[in-house]
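Below are some remarks for a colleague who is about to look through this model. They are set out as numbered points, and each can be read beside the coordinates.

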Amino acid sequence: MALKNTFKALSDPVRRDILLTLRNNSLTVGEIVEKYNLSNSTISYHLSILKKANLVKEKKYKNYIYYEVNVSVFEDMMVWITQFVGGGEQNEK
């Protein structure tokens, strides 16, 4: 897991919001653009950062590309983060 790219992607509020938008539905760029007051190129840029971090994946259907959340990266992050939960108790003994 490339944490640097993951945290960089998650550092932007627009990208975090895009992920929330995609959590229940696969959407095209055009459908994502309709939800924001941003240009196609700006949304495409944010999606490219999310793709680079492997937080979203593409699925092609006919003439469209649909974007959806890649849940496995979040699962990997949760495993990594849980290392810090309760770790202080063990170190104190």
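How many salt bridges does the structure hold?

1. The model is a predicted one, and it holds 2 salt bridges. In one of them the side chains of Glu58 and Lys51 meet at 2.7 Å, N to O. Glu58 counts as partly exposed, because its relative accessibility is 35%, and Lys51 is likewise partly exposed, at 34%.

2. A salt bridge is also formed by Glu68 with Lys59, where the closest N and O atoms are 3.6 Å apart.

3. The largest nonpolar core has 21 residues, and the members that touch the most other members are Ile18, Leu22, Ile32, Ile43, Leu47, Leu50 and Leu55. Two or more residues are given to this core by each of α1 (3-10), α2 (13-22), α3 (29-35), α4 (40-52), β2 (64-69) and α5 (71-82). Of these elements, α4 gives the most, with 4 residues. As general background, nonpolar side chains in soluble globular proteins tend to be buried together.

4. Ile32, once its neighbours within four places in sequence are left aside, is in contact with Ile18, Leu22, Leu27, Ile43 and Leu47. Leu50, which is placed in helix α4, is buried, because its relative accessible area is 0%. Not counting residues up to four places away in sequence, Leu50 touches Ala9, Arg15, Ile18, Leu19, Leu55 and Val56. Leu50 and Arg15 are 35 residues apart along the chain, and their C-alpha atoms are separated by 7.2 Å.

5. Which side chain is joined to that of Thr21 by a polar contact of 2.9 Å? The partner is Tyr36. Thr21 has its place in helix α2, and its contacts, with residues up to four places away in sequence not counted, are Leu27, Lys35 and Tyr36.

6. Asn70 lies in the loop between β2 and α5 and counts as buried, because its relative accessibility is 9%. A polar atom of the Asn70 side chain lies 3.0 Å from the backbone oxygen of Asn54. Apart from residues up to four places away in sequence, Asn70 touches Asn54, Leu55, Val56 and Lys57. Asn54 itself is found in the loop between α4 and β1 (56-61), and at 40% relative accessibility Asn54 counts as partly exposed.

7. Where is the backbone phi positive in a residue other than glycine? Asn54 is one of the places, with phi near 65°. Lys62 also has a positive phi, of about 55°, although Lys62 is not a glycine. Lys62 lies in the loop between β1 and β2, and its relative accessible area of 71% is why Lys62 is classed as exposed.

8. Val85 has its place in the loop between α5 and α6 (87-92). Is Val85 buried or exposed? Val85 is exposed, because its relative accessible area is 62%.

9. A last point concerns Asn40, which has its place in helix α4 and counts as partly exposed, at 47% relative accessibility. When residues up to four places away in sequence are not counted, Asn40 touches Val29 and Val33. Asn40 and Glu58 are 18 residues apart in sequence, and the distance between them in space, C-alpha to C-alpha, is 16 Å.

Conventions: Residues are numbered from 1 along each chain as its sequence is written. This is a predicted model: local features need pLDDT of at least 70, side-chain atom pairs count only at pLDDT 80 or more; totals for chains, interfaces and linings use all residues. Side-chain values use heavy atoms; hydrogens and water are left out. A nonpolar core is a set of buried Ala, Val, Leu, Ile, Met, Phe, Trp, Tyr and Cys residues joined through side-chain atoms within 4.5 Å. Buried means under 20% relative accessible area, exposed over 50%, partly exposed in between (1.4 Å probe, protein chains only). Contact means heavy atoms within 4.5 Å. A polar contact is a pair of N or O atoms within 3.5 Å; within protein, one must be able to donate a hydrogen and the other to accept it, and residues adjacent in sequence count only if both atoms are side-chain atoms. A salt bridge is a side-chain nitrogen of Lys or Arg within 4 Å of a carboxyl oxygen of Asp or Glu.
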